[in-house]
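Thanks for coming, everyone. Please put the model up on the screen, and I'll walk you through it.

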Amino acid sequence: MAADQETFAAVDAFVEATLAPDDEALRGALAAAAAAGLPPIQVSPPQGRLLQMLVRLVGARTVLEFGTLGGYSTILLARALADGGRLISLEADAGYAEVARASIERAGLGAAVEIRVGPALDALPRLDEEGAGPFDLVFIDADKVNTPRYFAWALDHARPGALIVADNVVRDGSLGDGASDDPATVAQRQLHETLAAEPRVTATTIQTVGSKGYDGFTIALVDDDRPGI
Ligand code: SAH
Ligand code: DHB
Ligand code: MG
């Protein structure tokens, strides 16, 4: 049987219903985003659960997110923080950020989360000035052409043992196409070349299918002084 998009979506729905159920705050965040006309491109519930498990596995107290949208992934990440943990999320669109702030407030996470509005590349020098970080986990999910730049900054501001996760790197399989001239694809391939030459990380990329189609994510473990596994 050749699986198709309908099958991928049905499996995601089953996994959500069994292992990654929603709740009032998550439903509220998605409803507010839809009502405000935001695109429905948040992580799927199973992907969100994985992000939460990664936050817990590293015992993260400091998380940085690139790309807030309506705050769905932000809420999931923030809920998984260790006690007293903080999350900074960077969002270019002021209207999206307003929607997200309200949903995060309703989720009871207003004190743990700070959203900064503006292009993420502009926010990074200020974070530097403030001495932000080191971060325990970074989730890169904003404009895909800049993923390599966000990754480079994250690596310089991550503690040993930290995780850096980049969403949407496989892009319908175009990651494997060296002839692609799509700028987002070229950027993901460049990210991989950088990772290959970077002694400070161990990384891999996992292809996914699901309610959002065929894509995948890269996970990089920042050198914890046990390189060369
Ligand atoms: N992480 C969210 C989805 C993010 S979608 C979730 O899973 O719930 C990508 C987001 O990146 C969009 O909200 C978009 O406005 C934002 N974005 C695009 N370009 C950006 C930039 N240069 N800096 C910061 N955010 C950007
Ligand atoms: C898009 C962005 C995402 O982060 C995603 O997971 C899927 C799609 C987009 O910009 O289309
Ligand atoms: Mg994404």
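Are Asp 167 and Asn 168 buried or exposed? Both are buried. Buried means under 20% relative accessible area, exposed means over 50%, and partly exposed is in between (1.4 Å probe, protein chains only).

A word on the ground rules. This is a predicted model: local features need pLDDT of at least 70, and side-chain atom pairs count only at pLDDT 80 or more, while totals for chains, interfaces and linings use all residues. Residues are numbered from 1 along each chain as its sequence is written, chains are lettered from A and ligands numbered from 1 in the order in which they are written, and side-chain values use heavy atoms, with hydrogens and water left out.

Now the sheet. It is open, with seven strands in the order E3-E2-E1-E4-E5-E7-E6, and the pairing is mixed. Helices (H or I, at least four residues) and strands (E, at least two) are DSSP runs, numbered from the N terminus. Two strands pair if DSSP finds at least two bridges between them. Which strands sit at the edges? They are E3 (113–117) and E6 (201–210), and each pairs on one side only. From one strand to the next, the twist averages 15°.

E6 and E7 (residues 213–222) run antiparallel, joined by 10 bridges. One pairing to find: Ile 206 has Phe 217 in E7 as its bridge partner. Helix H1 (residues 5–19) packs on the sheet here, touching E6 and E7, and its direction makes about 110° with that of E6. Touching, or contact, means heavy atoms within 4.5 Å. For the angle, axes are lines fitted to C-alpha atoms, for helices over the stretch in contact, and angles run from 0 to 180 degrees between N-to-C directions.

Asp 223 is partly exposed, at 24% relative accessible area. Leaving aside neighbours within four places in sequence, Asp 223 is in contact with Pro 160, Gly 161, Pro 199, Arg 200 and Val 201.

Next, the cores. A nonpolar core is a set of buried Ala, Val, Leu, Ile, Met, Phe, Trp, Tyr and Cys residues joined through side-chain atoms within 4.5 Å. The largest has 30 residues; Val 63, Leu 77, Leu 87, Ile 104, Val 113, Leu 137 and Phe 139 have the most contacts inside it. Which helix gives the largest share of this core? H4 does, with five residues. Leu 137 touches Leu 54, Val 55, Ala 60, Thr 62, Val 63, Leu 64, Leu 77 and Leu 163, not counting residues up to four places away in sequence. A second, separate core has 29 residues, including Phe 66, Leu 90, Leu 124 and Phe 135.

On to the rings. How many aromatic pairs does a search of the whole structure find? Two. Rings of Phe, Tyr and Trp (its six-membered ring) pair if their centres lie within 6.5 Å; planes under 30 degrees apart count as stacked, over 60 as edge-to-face and the rest as tilted. Phe 66 and Tyr 150 are stacked, because their ring centres are 4.4 Å apart and their planes are at 25°. Phe 66 is in strand E1 (residues 62–66) and Tyr 150 is in helix H7 (residues 147–156), so this pair ties together parts 84 residues apart in sequence. Phe 66 counts as buried at 0% relative accessibility, and Tyr 150 counts as buried at 2%.

The other pair, Phe 135 and Trp 153, is tilted, with 6.3 Å centre to centre and 45° between the planes. Phe 135 lies in E4 and Trp 153 in H7, so the pair ties together parts 18 residues apart in sequence.

Last, some backbone details. Gly 133 and Pro 134 are joined by a cis peptide bond, with omega about 0°. Pro 134 is in the loop between helix H6 (120–129) and E4. Leu 69 is not a glycine, yet its phi is positive, about 50°. Asp 172 is not a glycine either, and its phi is about 60°. At 14% relative accessibility, Leu 69 counts as buried, whereas Asp 172, at 63%, counts as exposed.
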